[in-house]
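Trainee: I would like to learn how to read a few local features in a model. Please give me the general idea each time, then the case at hand.

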Amino acid sequence: MNKKVKKIGKTAVCGALVLSMIVCNGSFVEAKKVSKQESVYVNAGADGSVSQITVSNWLKDSGAVSGQLEDKTNLTDIKNVKGNETFTQNGNSIRWDTSDKDIYYQGTASKDLPVSLNITYTLDGTEIKAEDLIGKSGKVEIKISYKNNSKTTKKINGKKVDIYTPFVMVTGMILENDKFSNVNIDNGRIINEGTNSIVVGVGLPGLADSLDLDKKYADDIKSEFTVTADVKDFSLGNTFTYGSPSLLDEFNIDELDDLNDLEEKLNDLTDAAAKLVDGSKTLSKGASAFADKMGDLKSSIKTYQKNGVKKITSGINTLSKNGPALKKGVKAYTDGADSLADGATAYVTGATQIADGNIALYEAVKNLPSQLTAFGTGLKNYTAAVDKMGTKENAAKMKNGARAVSDGVTTLNTTLASLEASYEKNEAALEALKPLKETSPEVKAALEGLEQLTAAQKATIAALKEGTGAESDLKKGAEALSTGVNTVMDGLSTLSGKSQELTGATAQLNKNIPVLVSNVKKLKDGSETLKKNNGTLKSGAKKLKKSSKKLNTSVKKLNKGMKTLQKGGKSLNKATTKLVNGVIKLEDASTTLDNGADKLYNNLNKFNNEGIEKLNNVYEEDVKEIMDRLDAVLSVGKEYKSYSGIGKNMDGEVKFIIETEAVENE
């Protein structure tokens, strides 16, 4: 169903509600405690069968409650639709943190409705399903029936009787004049505004049974209505039904004390009907002004189409055509940016290594000048000593001394051999003195000590002889020493000849090394500066690469969006053409609406004269017999405060809105 028809449908429902509330006096009573304002939204099939029930609740004045507010509900999938206040739920009990604000929440219901809706269709006298009626032509009847499923047992005059909740049900629908003609309704009103017929029907299901009225009166309080029409290529948009259990209570009939009060209330009703007639007259004047302004709207909408929409769609097409080129260019840029970022990262890594190497190099060479100076001094002393040691005189002395050591070892060995041979005589002498041991202990001790000393000396001389022999380590070492001294002294003589060259090279190094160190320091300082900037360069490379990736993704989305925008531009162009045509039709319809408003005024005037007066007569004829039942009806209406549940000590008010699906080709 298109938005235009749906909007008109909602307008029709509003009109139906106005019609159903003519008994309201518009007074307002300030709430003194929390009131639960409940709206039950029902999605139904074309036959009235329920498919989904959504309930919206407003806990009015709950913001004045400090702390938590307890409510009762049988809803599921509950969510706060207007604020951030939280809740906890335990079964049917729900507690809200009010935060000094009113609570608005919504949920899904599965409970049966108190009033069920049934819609049947007939074509040329034969009942037919709604979906089978699409596109058909002929004589069509649409019957809307309400069944009241909500009743309470009350005790009246000593007897228990069933009292139905006094629901007032109002259904509105829109019938296109191109398809529907000769439209009639048996319990409602029809407003033809030129293009469509707005049909509004009313039902009071269960009220006649609650009042136990005679058939002649019960027929005037219906729970259904029938719409008939001649149809060509049948289709029907959504219908909207409003239901409320409290509309009768607005009339304050429960305050009646006697027939005089009833007469006053009936006079109030008559006055309200007269005001409605006056209002329809004002509507007629407003419709005339509306028709006058439609010409200006028609002119403006054409200008909007020519100077606005066409330029916009042209610009969108140009933008969309250039989208691939933009995408290609951005791709090339981002590829280059990625390469640059990767190169910068590699450069930073290499530059860091070079900088670290230069810093380490400087640390290694910075002390070279002082070290070289110390080295030069030591080398000078060393070469002087070498020169002194390497003279021919020193060389001869060192060689002769080493040779003398070797020869001395040989001489010592020879002497030790002679000494060893002399001990044989000492042993013989000691042997001859042995008899003296018996002469005294002192002599014995002295001889034994002499024997031990002689044996120890003999052993020592034997060891020394062996240690200085031709094959001994001492002899070999002395000879090696003599050979080594000869080699060293020969080398010193050669080295002494090179001392001047070595000291000259050291002087040249002392001159060049400070220059080298200075240059390395400059290289080190530059490396440190470079290293400090490497972090910024590397960070920039990362950001560049990340940004290029985002840019590439964004351009893809932009290109896709431009294509969608191009399609939207085409749709806008088409929609604008339809809008222009619709405004032209609306301009024509405004004239018809003007005429229809006049007819509405005349029809409401007739409704006032015939309907209200008839209702007045019904009450006047038999009011005493129904007063008690009427009190019970109003009491039950007051008691029905909520469909989904209500907290203790809360006031409540509930209304039902039922929307049926359209009967048309998708």
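Mentor: Start with strand pairing. Two strands pair if DSSP finds at least two bridges between them. Helices (H or I, at least four residues) and strands (E, at least two) are DSSP runs, numbered from the N terminus. Now the provenance. This is a predicted model, where local features need pLDDT of at least 70, side-chain atom pairs count only at pLDDT 80 or more, and totals for chains, interfaces and linings use all residues. Residues are numbered from 1 along each chain as its sequence is written, and side-chain values use heavy atoms, with hydrogens and water left out.

Trainee: Which residue is the bridge partner of Asn118 in E10?

Mentor: Ser145 is the partner of Asn118. Strand E8 (residues 115–123) pairs with E10 in the antiparallel sense, over 9 bridges.

Trainee: With which strand does E10 (residues 138–148) pair over 8 bridges?

Mentor: That is strand E17 (residues 224–231), and the sense is antiparallel. Lys143 stands opposite Thr226 in E17. Ile144 stands opposite Phe225 in E17.

Trainee: In what order do the strands of the open sheet run?

Mentor: The order is E9-E8-E10-E17-E14, 5 strands with antiparallel pairing. Strand E9 (126–128) and strand E14 (180–185) are the edges, each pairing on one side only. On average, neighbouring strands of this sheet are turned by 25° against each other, direction ignored. Axes here are lines fitted to C-alpha atoms, for helices over the stretch in contact, and angles run from 0 to 180 degrees between N-to-C directions.

Trainee: Next, aromatic rings. How many aromatic pairs does a search of the whole structure find?

Mentor: First the idea. A pair of aromatic rings is described by the distance of the centres and the angle of the planes. Rings of Phe, Tyr and Trp (its six-membered ring) pair if their centres lie within 6.5 Å; planes under 30 degrees apart count as stacked, over 60 as edge-to-face and the rest as tilted. The search finds 8 aromatic pairs. Take Phe87 and Trp96: the centres are 4.8 Å apart and the planes are at 45°, so this pair is tilted.

Trainee: Is Trp96 buried or exposed?

Mentor: Use the cut-offs. Buried means under 20% relative accessible area, exposed over 50%, partly exposed in between (1.4 Å probe, protein chains only). Trp96 has 0%, so it is buried. Phe87 has 29% and counts as partly exposed.

Trainee: What kind of aromatic pair do Tyr643 and Phe656 form?

Mentor: Edge-to-face, with 5.7 Å centre to centre and 75° between the planes. Tyr643 lies in the loop between helix H10 (473–639) and strand E19 (651–660), and Phe656 lies in E19, so the pair ties together parts that are 13 residues apart in sequence. Both Tyr643 and Phe656 are buried. Ring pairs also link Phe167, Tyr640, Tyr643 and Phe656 into a cluster.

Trainee: Where is Ser642, and which backbone atoms lie by its side chain?

Mentor: Ser642 is in the loop between H10 and E19. A polar contact is a pair of N or O atoms within 3.5 Å; within protein, one must be able to donate a hydrogen and the other to accept it, and residues adjacent in sequence count only if both atoms are side-chain atoms. A polar atom of the Ser642 side chain lies 3.3 Å from the backbone nitrogen of Ser644. For the backbone oxygen of Gly645, the distance to a polar atom of that side chain is 2.8 Å. Ser642 is buried at 14% relative accessibility.

Trainee: Which side chain does Thr165 join in a polar contact of 2.7 Å?

Mentor: The side chain of Ser150. Thr165 lies in the loop between strand E12 (159–164) and strand E13 (168–176). At 2% relative accessibility, Thr165 counts as buried. Thr165 and Ala632 are 467 residues apart in sequence, yet 9.6 Å apart in space, C-alpha to C-alpha.

Trainee: Last, backbone angles. What is the phi of Asp100?

Mentor: Most residues other than glycine have a negative phi. Asp100 has a positive phi of about 60°. Asp100 sits in the loop between strand E6 (93–97) and strand E7 (103–109), and is exposed at 62%.
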